[in-house]
Amino acid sequence: MPSFFVEVYLPRSNAREARASGDRARAAAEELTREGAPIRYVRATFLPADETCFHLFEAASAEVVEEACSRAALGRVRVVPAIEASSPLVRAPADEDAGS
């Protein structure tokens, strides 16, 4: 499923809203999925110095993401397609490390 970043203005004085907006976005994505529009909320990243919060979704289209943002009351948002540029770090199990 394609990934999308949602950019939201969030004043640094309102840092608690980053977590709350993520909770609302996750709930909206789950609701849309139950209604037949597959979407997955991945995470939020808050940049207080830039007064910006990014939410990462996986969905079939930007329109589905925009609907989730509307239901989550995220306010005015910018939705852009995202491409992962690196693989997650994979660590060896502890017992394999011990033999090195």
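Modeller: Let's start with a term: a crossing is left-handed if the near helix is turned anticlockwise from the far one by less than a right angle, and right-handed if clockwise. Helix 1 passes helix 2 in a right-handed crossing. This is a predicted model, where local features need pLDDT of at least 70, side-chain atom pairs count only at pLDDT 80 or more, and totals for chains, interfaces and linings use all residues. Residues are numbered from 1 along each chain as its sequence is written, and side-chain values use heavy atoms, leaving out hydrogens and water.

Biologist: Why is helix 1 called oblique to helix 2?

Modeller: The two helices pack at an angle of about 125 degrees, with their axes 8 Å apart. Angles under 35 degrees count as roughly parallel, over 145 as roughly antiparallel, 65 to 115 as roughly perpendicular and the rest as oblique. That makes helix 1 oblique to helix 2.

Biologist: Which residues of helix 1 meet helix 2?

Modeller: Ala28, Glu31 and Leu32 do, and in helix 2 they meet Val64, Glu67, Ala68 and Arg71. Contact means heavy atoms within 4.5 Å.

Biologist: Which residues of helix 1 are buried?

Modeller: Ala18, Ser21, Gly22, Ala25, Ala28, Ala29 and Leu32. Buried means under 20% relative accessible area, exposed over 50%, and partly exposed in between (1.4 Å probe, protein chains only).

Biologist: How do you know that the buried residues line one face of helix 1?

Modeller: Looking down the helix axis, they fall within an arc of 130 degrees, so they line one face. On the other side, Arg16, Arg19, Asp23 and Arg34 are exposed.

Notes: Helix = DSSP H or I, 4+ residues; strand = E, 2+ residues; numbered from the N terminus. Arc of directions from axis to C-beta. Axes fitted to C-alpha atoms, helices over the stretch in contact; angles between N-to-C directions.
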